[in-house]
Amino acid sequence: MAPFRPVDASFFELPTLELARALLGMALVKETEEGIAAGWIVETEAYIGPHDRAAHSYGGRRTPRTEVMYGPPGHAYTYLMHTHCLMNVVSGKPGHPEAILIRSVEPCAGVGLMYKRRGPVKKERDLTSGPGKLTKALGITIRDYGRPLFLAPLYVAEGRPVREIGTGPRIGIDNAGEAKDYPWRFWEKGNPFVSR
DNA sequence: AAGTGGATTGGCT
DNA sequence: GCCAATCCACTTG
């Protein structure tokens, strides 16, 4: 039996702030030759188009890096941050460069593989409690750029219920002017894998 | 062609 | 708490 089945492409057609909440509790799955690894999404951040100073698409910036944000929703926007790869879910209608950063997940399959990829960690919590950590644990890389998230090998799948959702400002964008205070970060309250 | 600065992490003080 | 790691997109000349 297949433990995970990808969502339909239409799942991603929600408005970005709604999709950012809807993604909580869903499974993020990556299949590789090493095996399958997956986590329940427990923390997201929305980045909304040309008027969001914290977004890479701020001001309508359109470059090879941001190009995927201008396409249809439900594709992967991966990019490098210092020594790490971060992953977003493209959202919004074509022409609207919006995306949702996956900030943390709770391991739900392939935990052994995650330990192998992450190297020594003090606690299980350290496996996936941050945007750079979870991509390494799941084996998500810059080569996943542009991939549809409703088909193997990288996809969102039906998840489990979320009791209560917390809301607050996004992390690491202190230089984004007034946008730094927008309450566009969402997390599952009480979940220990939330980055902070 | 060279300089600047990150949507981060982990190790050390 | 501070800071190096390490790379590349983007800006400026």
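The number of disulfides, meaning pairs of cysteine sulfur atoms within 2.5 Å, is zero. The sulfur of C85 lies 19 Å from the closest cysteine sulfur, that of C108, which is too far for a bond. C108 is likewise in no disulfide. This is a predicted model, in which local features need pLDDT of at least 70, side-chain atom pairs count only at pLDDT 80 or more, and totals for chains, interfaces and linings use all residues. Residues are numbered from 1 along each chain as its sequence is written, chains are lettered from A and ligands numbered from 1 in the order in which they are written, and side-chain values use heavy atoms, with hydrogens and water left out.

The table gives relative accessible area, where buried means under 20%, exposed over 50% and partly exposed in between (1.4 Å probe, protein chains only).

| Residue | Relative accessible area | Class |
|---|---|---|
| C85 | 10% | buried |
| C108 | 26% | partly exposed |
| T135 | 2% | buried |

T135 sits in helix α3; helices (H or I, at least four residues) and strands (E, at least two) are DSSP runs, numbered from the N terminus. A polar atom of the T135 side chain is 3.0 Å from the backbone oxygen of G132. Contact here means heavy atoms within 4.5 Å. Neighbours within four places in sequence aside, T135 is in contact with C85, L86, M87 and I140.

A nonpolar core is a set of buried Ala, Val, Leu, Ile, Met, Phe, Trp, Tyr and Cys residues joined through side-chain atoms within 4.5 Å. The largest such core has 30 residues, and L23, L28 and V156 touch the most other members. Elements giving two or more residues to this core are α1 (16-22), β2 (35-48), β4 (84-91), β5 (98-109), α2 (111-118), α3 (131-138) and β7 (154-157). Beyond four places in sequence, V156 touches R5, P6, V7, F11, F12, L23, M26, A27, L28 and L149. A second, separate core has 15 residues, among them A55, V68, M69 and A176.

A pocket is an open set of points on a 1 Å grid over the protein atoms alone, where a 1.4 Å probe fits, with protein on both sides within 12 Å along at least five of seven lines; lining residues have an atom within 4 Å of a point. The largest pocket has a volume of about 480 Å³, a volume being the space filled by probe spheres set on the points, which are joined across faces, edges and corners. Its lining comprises 21 residues, of which Y47, H56, Y79, G172 and I173 lie nearest the centre. Strands β2, β3 (76-81), β4 and β5 each give two or more residues to the lining of the largest pocket.

Terms used:
A polar contact is a pair of N or O atoms within 3.5 Å; within protein, one must be able to donate a hydrogen and the other to accept it, and residues adjacent in sequence count only if both atoms are side-chain atoms.
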